[in-house]
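Keep the sequence and the 3D view open as you go.

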Amino acid sequence: MTPPYRVGDELPPLEIPVTRTLIVAGAIASRDYQDVHHDAASAREKGSPDIFMNILTTNGLVGRYITDHFGPTAVLRKVAIRLGAPNYPGDVLWLTGRITELRTADTSSADASSDEVVDAVEAVVQVTGGNGIGRHVTGTVAVTLPEPSAKRAGA
């Protein structure tokens, strides 16, 4: 059974408040200790009006957007993003997505002791995200949506 997805389907938008805590916590979690992600005075000295979100936090939020939509069995296969306008505290990040491709693939079970084969559908999603000053992120995400199937004869 194929999931009810079609090329061209739009994912519902996700609104994420960009807080100082989110920016600092994301930088710490990704071990990015650059001062522009946690020290407003240092960020201003370097020409930024305030601290700003790092790329790894944005990458994680894009991944969250996709897995929130497709569910807990979704597996991110590739996340390729490019940043634009910075995310500053007090703004809102809006993420949107559109399915651009659906592919079918057979994959072996991750459990090496099993010879179970599952049919998997891989969706390719074009993701964009904007904030109050412009386009923050553009990218493509490939996500596998596994569907258990009967064990195949001879597999």
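Contact here means heavy atoms within 4.5 Å. The model you are looking at is predicted.

**Exercise 1.** Find which residues Phe70 is in contact with, leaving aside its neighbours within four places in sequence.

**Exercise 2.** Work out which members of the largest nonpolar core touch the most other members, and which elements supply the core.

*Solution.* Step one: the core has 25 residues, and Ile66, Phe70, Leu95 and Val127 touch the most other members. Step two: at least two core residues each come from strand 1 (10–17), helix 3 (55–70), strand 3 (92–108), strand 4 (117–131) and strand 5 (134–147). Step three: helix 3 gives the most, with five residues. As a general background, nonpolar side chains in soluble globular proteins tend to be buried together.

**Exercise 3.** Decide whether Leu83 is buried, partly exposed or exposed, and say which surface patch Leu83 belongs to.

*Solution.* First, locate Leu83 in strand 2 (residues 75–83). Next, take its relative accessible area of 34%. Buried means under 20% and exposed means over 50%, so Leu83 is partly exposed. Finally, Leu83 forms a nonpolar surface patch with Ile55 and Leu56, and together they have about 240 Å² of accessible area.

Terms used:
Residues numbered from 1 in each chain as written. Predicted model: local features only at pLDDT ≥ 70, side-chain atom pairs only at ≥ 80, totals over all residues. Heavy atoms only, no water. Patch = residues over 30% accessible without salt bridge, like charges linked within 9 Å, V, L, I, M, F, W, Y side chains within 5 Å. Areas by Shrake-Rupley, 256 points an atom, 1.4 Å probe, with all protein chains shown as cover. Salt bridge = Lys/Arg side-chain N within 4 Å of Asp/Glu carboxyl O. Helix = DSSP H or I, 4+ residues; strand = E, 2+ residues; numbered from the N terminus. Buried < 20%, exposed > 50% of the residue type's maximum accessible area, 1.4 Å probe, protein only. Core = buried A, V, L, I, M, F, W, Y, C linked by side-chain atoms within 4.5 Å.
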